[in-house]
Amino acid sequence: AGETLFYKELADKYETRTPKCLFAGSDADGISVVILEDLIGQGAKFKELTVPGTPEFVARGLEHMARRQAASWMAPELYANDWLRAGGSHRASDVAGWVYHPDNWAKQSKAPRFQLLPQALRDRPKLEKAMRNLQDILFLSEPWALAQGDAHFGQAYEMPDGEVRFLDWSAVQIGHWCHDVSYFMAGAMTPADRRASEEDLLKGYLGKL
């Protein structure tokens, strides 16, 4: 339902440059349908998630974020939206409660990738508390702007002219500027590339902002 709200009320504003929406609707239970124009037919290319992004690609993604944030920076009409102000889909669907629910934790802890986590990141109650604290800090700390809310590498796609845009606005919210920026940078590159380029990337982002 968050994505329905986005395409009905926000998609044509704030330089989001999202695909044309042909239909967006939700029923009383929040079951939703969103129909978008064909991006592949326009030459859009999505990233292969097993291949890390380059600093150049991330820089273009940060340019998109800066453009959108500048257009929505501390916009009063966004703050007036009760659903956005309350934390959007993250709060409405209690993402932290779902991610760190004991049943989900037990399921995920059986996956081979779980064994790669350091011991400090296996404390379920501590991690849930940390995530909730981050939500309290990041959602309405000033300065905030319109946030995609789930700006990981898999959401990014590239248009034929090289512009990087983001799909999946189901987690739309208002949030501190660093929310989308840090989420995207941390997940899109190898740690070595991020460490080598993050200062220049942030300077480039701020220049665009």
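Student: Why is R124 called partly exposed?
Tutor: R124 has a relative accessible area of 22%. Buried means under 20% relative accessible area, exposed over 50%, and partly exposed in between (1.4 Å probe, protein chains only), so R124 counts as partly exposed. Do keep in mind that this is a predicted model, where local features need pLDDT of at least 70, side-chain atom pairs count only at pLDDT 80 or more, and totals for chains, interfaces and linings use all residues. Residues are numbered from 1 along each chain as its sequence is written, and side-chain values use heavy atoms, with hydrogens and water left out.

Student: Is E128 buried or exposed?
Tutor: E128 is buried, because its relative accessible area is 17%.

Student: Why is D82 called exposed?
Tutor: Its relative accessibility is 53%, so D82 counts as exposed. D82 forms a salt bridge with R85 at 2.8 Å, N to O, and R85 is partly exposed at 27%. The two are three residues apart in helix α4 (residues 82-85), so about one helical turn separates them.

Student: Which parts does the pair R60 and E158 tie together?
Tutor: R60 lies in helix α2 and E158 in strand β5 (residues 156-158), so the pair ties together parts that are 98 residues apart in sequence. The closest N and O atoms of this salt bridge are 2.6 Å apart. R60 counts as partly exposed, at 28% relative accessibility.

Student: How many salt bridges are there by this rule?
Tutor: The count comes to 15. E15, R17, E63, R67, E163, R165 and K208 are linked in a network of them.

Student: Why are α2 and α9 called roughly antiparallel?
Tutor: The axes of α2 (residues 55-72) and α9 (residues 178-188) come within 10 Å and cross at roughly 170 degrees. Angles under 35 degrees count as roughly parallel, over 145 as roughly antiparallel, 65 to 115 as roughly perpendicular and the rest as oblique, so these two helices are roughly antiparallel to each other. Axes are lines fitted to C-alpha atoms, for helices over the stretch in contact (heavy atoms within 4.5 Å), and angles run from 0 to 180 degrees between N-to-C directions.

Definitions and conventions. Helix = DSSP H or I, 4+ residues; strand = E, 2+ residues; numbered from the N terminus. Salt bridge = Lys/Arg side-chain N within 4 Å of Asp/Glu carboxyl O.
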